[in-house]
Amino acid sequence: MMRRFCCFAVLALLAVLVKADEYTPTTMWPYIYEEFTEGTVHHKGGQQVIAHLNIHILEGELHFLKNDEICTVNLSTVDYVELNGDKYVAAGNQIMRVLQENGDGFVLESKLGDFESLFVGSGAYGASANTQSVTNLASIEIGGKNIVNHSKLLMEKKENGGRELSYKEKLYIKVGNDYSEALQKEVADRFFATGIPDDWKPFLKSEKIKWRRSEDLLKVVEFIQRH
């Protein structure tokens with residue numbers, strides 16, 4: 001009995017230690033990854049560029065290090081990116097992680113920092129909190145945007161830290177060059193602008209499509225590809 005208790009105690013301690021080591025982005029380091037990591041950018045012309053990369057969660061930009069300067073990749077030239085064992089593709093002006101894919105169709109995950117929540121309830125009397133948050137956001141010092149020197153940013157991250165950020169996560173569907181948030185109405189409006197196929201609603205019903213399940217969204221991608 002004592003041995004079992006000790007085992008549980010050790011497991012509980014390990015869980016606490018792992019949780020304490022979890023990386024949390026901040027306003028001073030608003031990146032998906034804790035550090036810039038070597039990855040490969042595959043450009044549409046076939047060129048491959050190996051660089052130290054990270055993904056900025058203010059607008060979903062792909063950043064890379066050029067000497068000691070933080071620069072932004074032009075996503076219009078990017079086919080896909082390999083980083084930290086994950087694959088990323090661009091949807092509009094944002095880089096998103098690939099959850100599922102089939103040919104030119106993708107189920108994507110968007111991760112953006114919830115900057116607005118930093119100012120919730122801080123609106124002045126007579127002004128909306130959202131309007132006030134935009135004003136405050138414009139004046140806040142954001143790592144990788146206001147500070148683009150990597151060494152300086154690391155120093156500020158260590159000394160200042162910034163305010164913790166949570167993520168706003170959304171799922172998207174991309175087929176070819178078209179993409180949409182993974183919501184039934186938005187997908188229908190985007191991909192069936194000339195008319196919704198007769199078998200669309202029967203397909204959704206028969207497959208019991210859940211719009212938060214990436215496996216189900218891949219079925220939607222494949223439906224779009226067939227039509």
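Leaving out residues up to four places away in sequence, V81 touches T40, V41, L53, L62, D86, K87, Y88 and I95. These contacts are described here for a predicted model. One of the residues touched, Y88, is also the residue of strand 6 that stands opposite V81, and strand 5 and strand 6, which run antiparallel, are joined by 3 bridges.

V81 also belongs to the largest nonpolar core, which has 22 residues and in which L53, I55, L62, V81, L83, Y88 and I95 have the most contacts. The elements that give two or more residues to this core are strand 2 (48-56), strand 5 (78-83) and strand 6 (86-91). Apart from this core lies another, of 20 residues, with V187, F192, L204 and W211 among them. In soluble globular proteins, nonpolar side chains tend to be buried together.

The strands named above are part of an open sheet of 10 strands, arranged in the order 4-3-2-1-5-6-7-8-9-10 with antiparallel pairing. Strand 4 (69-72) and strand 10 are the edge strands, each of them pairing on one side only, and the twist from one strand to the next averages 40°.

At the edge formed by strand 10, this strand (residues 178-181) pairs with strand 9 (residues 167-175) in the antiparallel sense over 4 bridges, and K174 has Y179 of strand 10 as its bridge partner. The two strands form a hairpin with 2 residues between them, and in the turn G176 has a positive phi of about 65°. N177 likewise has its place in the loop between strand 9 and strand 10, and it counts as exposed because its relative accessibility is 71%, where the cut-off for this class is over 50%. Although N177 and G92 are 85 residues apart in sequence, their C-alpha atoms are 8.7 Å apart in space.

Helix 3 spans residues 150-159 and includes H150. The N-terminal end of this helix is capped by N149, a side-chain oxygen of which lies 3.2 Å from the backbone nitrogen of S151, while just after the helix G161 takes a positive phi of about 85°. With a relative accessibility of 13%, H150 falls under the 20% limit and therefore counts as buried. When neighbours within four places in sequence are left aside, H150 is in contact with W29, F36, L65, D68 and I70; of these residues, I70 lies within the range of edge strand 4 (69-72).

Note on methods
Residues numbered from 1 in each chain as written. Predicted model: local features only at pLDDT ≥ 70, side-chain atom pairs only at ≥ 80, totals over all residues. Heavy atoms only, no water. Buried < 20%, exposed > 50% of the residue type's maximum accessible area, 1.4 Å probe, protein only. Contact = heavy atoms within 4.5 Å. Polar contact = N/O pair within 3.5 Å; in protein donor to acceptor, adjacent residues only side chain to side chain. Core = buried A, V, L, I, M, F, W, Y, C linked by side-chain atoms within 4.5 Å. Pairing = 2+ DSSP bridges. Axes fitted to C-alpha atoms, helices over the stretch in contact; angles between N-to-C directions.
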